[in-house]
Amino acid sequence: MCGIIGVTGDDGALGTLFDGLRRLEYRGYDSAGVALVDGDHVWRARAADGTRSVDDLHAATADAPPSRTGIGHTRWATHGGPTAENAHPHEDCTGRIALVHNGIIENHAELAAPLAARGHTFTSETDTEVLVHLIEEEMSGGAGLADAVRATLRTVRGAFSVVAIASGEPDLIVAGRRSVPLLVALGDGTGLVASDVSALLGRADRYFALDDDQVVEIGPGTLRVTTLEGAEVDPTAVTVDPAWDVVAAQMDGFDDFMSKEIHEQPRAIADTLLDRRASDGALVLDELRLSPDEVRAVDKIVVVACGSSYHAGMVAKYAIEHWARIPVEVEIASELRYREPVLHERTLVVGVSQSGETLDTLEALREARRAGARTIAVSNVVHSTMAREADGAIYTRAGPEVSVASTKCHLAQMVALDVLALALAQWRGTIGPQGVGAAMDELARLPSMVEDALGRQKDVDAVADALLGARDYFFIGRNVGYPVALEGALKLKEISYLRAEGYPAGELKHGPLALIEPGTVVVAVLDPLRDKMLSNVAEASARGATVVLVVSDATAAATAAATAAAATAAATAATAAATAATAADHVIYVPNVREPVLAPVVEVVPLQLLAYGLARRLGNDVDRPRNLAKTVTVE
Ligand code: M6R
């Protein structure tokens, strides 16, 4: 997630920008830059050296001109690698306008083409740069900076917060936003703007939040807020607790990064889906670097990954086989390396990794390349080692994940792999444009369904309260419910240190049932294959297990209808579910997803909340669980 800071009316503008950039470092970044108004042009410096970028940038600004107005940015690469050329601020062709951006401009390619035809020179691979050239065109036609920003943002599809300065208006910062937060602050004769409050603390006495599709003109101690059409609106004042310190501010009001990241999941999956459809509805995966012919030649897919990424890969098996009809094997990366896998040039090997650096997955991909297979990395870090070395990449756009327990990246991986599955199906012709469109529409509903699932936290908390004291857990599911069960068990053991096993429900009676006794908790993901699941739940229940059911709203509705209609033949299964739900000790309902292979994205949410709730009640440090590291670069 990029970080933005801007200031005007400040004799020490550069120092204020650096202070803000350092406070924004926690968001994760791979490059950084600043721009200052300097006479009749803007002065700019940028650095791309990973997390050393702000230090490098500082060294590069030793001879910066004095200025009272400037903008700064830490970039988390999405479009274009983490290079100095792609770092923000971006400049127009005249060197008089500079702009920083957080978010994704979905229609950047279609906006850029006519600009390039009219002679604008693009110097980066970013989706952002188009904005500064659009502003340039508006200003060369006589518009002031604020009007030019409003006109530009009216043409944009996607999510953004942007901040711009222009040398012709040295005491002005213009900012606008849609779906990406931006805070404005006024101090004594100064005006500031930032992507989060941590960069502003202690520098202002009045704070304002910008709403969607609003633009703010910030001067020294002044502000004016308008709609994108230019109609003036009242600024939305917000209260910032003076007791907040920078670390608390970085948590955004959450107690820890894990819960912050769990609540960022709707945004993470929405961003991962942005920009994937061309105007004719066809799926576009820019970084895949595989031609449709190469895809058609693939006769087997092998997914390699570890931990939560492996579980996302397991879900992808169902999606790819369902839509693209290609056989898929999913393998723990550390296992693939030390056997003799049958891989060849018609095998596509997909490495799934939040960090893109996990050694086992990296080496499995290298092994696959040596064997002649085509490789793809699904990574949250642009230009991670896996993404650089693989033939192609698909990026999840979850923003940096700080907590060791993966949550938002896991959801974003499932969604990215769903898009891959649909793209494979499109190129192989196994489903038509209408089918692809319908599936993409259902994917687009997932952010609000995840939001809905998060809104039911109280239900999960009540279950966590009731389960406190239990030591042994089994998570069971069938079909796509099975990887959900595995992920629920992994989350629980990782942060609560409780014994938790994930099993395909049908396997219970082949051994694990021997361990079930009064006090054992069985968490059952009921959908799909509800009837089969109910038999397994009954087996556990009969041995005294405490049963928690995760049930979709559709099942709940069906059970209610069936109960009302008595046991008609069609309602028999639903009645059985109603009976089981009544017999279960606890039931957690989740929003209904119409396409079953997409359901894990929503069903895993209450299991994350349950693990989190239990770990917190046990007094554990959820962000830094014992014995575990965020990125595992050893075997
Ligand atoms: O960075 P990666 O996705 O390759 O990491 C894989 C696993 O180490 C990771 O998912 C781990 O299992 C998490 N701690 C799970 O919450």
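Asp252 sits in the loop that runs between helix H6 (246–250) and helix H7 (257–263). The phi angle of Asp252 is near 60°, a positive value in a residue other than glycine. The structure is a predicted model, and the values below are computed from it.

Two cis peptide bonds also deserve a note. One joins His88 and Pro89, with omega about 0°. Pro89 belongs to the loop between strand E4 (70–75) and strand E5 (90–91). Another cis bond runs from Asp527 to Pro528, and its omega is near -5°. Pro528 is in the loop that separates strand E23 (521–525) from helix H18 (530–542).

**Ligand surroundings**

How many residues surround the ligand? There are 14, and the closest are Ser309, Ser353, Gln354, Thr358 and Glu494.

| Residue | Protein atom | Ligand atom | Distance |
|---|---|---|---|
| Ser308 | backbone N or O | oxygen | 3.1 Å |
| Val404 | backbone N or O | nitrogen | 3.1 Å |
| Glu494 | side-chain N or O | nitrogen | 2.3 Å |

**Helix H10 against helix H17**

Ser308 is also part of a helix contact. Helix H10 (residues 307–323) and helix H17 (residues 481–496) have axes that come within 9 Å and cross at roughly 170°. Angles over 145 degrees count as roughly antiparallel, and H10 is therefore roughly antiparallel to H17. On the H10 side the contact involves Gly307, Ser308, His311, Met314, Val315 and Tyr318; on the H17 side it involves Tyr482, Pro483, Leu486, Glu487, Leu490 and Lys491. By class, this contact of H10 with H17 has seven nonpolar, three polar and two charged residues.

**Helix H8 against helix H14**

The axes of helix H8 (residues 265–273) and helix H14 (residues 408–428) come within 9 Å, with a crossing angle of roughly 25°. Because angles under 35 degrees count as roughly parallel, H8 and H14 are roughly parallel to each other. The crossing of H8 past H14 is right-handed. Which residues of H8 and H14 meet? From H8 they are Gln265, Ala268, Ile269, Thr272 and Leu273, and from H14 they are Lys408, Leu411, Ala412, Val415, Ala416 and Val419. The residues in the contact of H8 with H14 comprise eight nonpolar, two polar and one charged.

**Helix H16 against helix H21**

Helix H16 (residues 457–467) and helix H21 (residues 600–617) have axes that come within 9 Å and cross at roughly 45°. H16 and H21 are therefore oblique to each other. H16 passes H21 with right-handed geometry. H16 contributes Gln457, Val460, Asp461, Val463, Ala464, Asp465 and Leu467 to the contact, while H21 contributes Pro606, Leu609, Leu610, Gly613, Leu614 and Arg617. These residues of the contact of H16 with H21 divide into eight nonpolar, two polar and three charged.

Key: Residues are numbered from 1 along each chain as its sequence is written. This is a predicted model: local features need pLDDT of at least 70, side-chain atom pairs count only at pLDDT 80 or more; totals for chains, interfaces and linings use all residues. Side-chain values use heavy atoms; hydrogens and water are left out. Axes are lines fitted to C-alpha atoms, for helices over the stretch in contact, and angles run from 0 to 180 degrees between N-to-C directions. Helices (H or I, at least four residues) and strands (E, at least two) are DSSP runs, numbered from the N terminus. Angles under 35 degrees count as roughly parallel, over 145 as roughly antiparallel, 65 to 115 as roughly perpendicular and the rest as oblique. A crossing is left-handed if the near helix is turned anticlockwise from the far one by less than a right angle, and right-handed if clockwise. Contact means heavy atoms within 4.5 Å. Ala, Val, Leu, Ile, Met, Phe, Trp, Tyr, Cys and Pro count as nonpolar, Asp, Glu, Lys and Arg as charged, and the others, Gly among them, as polar. A residue is near a molecule or strand if one of its heavy atoms lies within 4 Å of it. A polar contact is a pair of N or O atoms within 3.5 Å; within protein, one must be able to donate a hydrogen and the other to accept it, and residues adjacent in sequence count only if both atoms are side-chain atoms.
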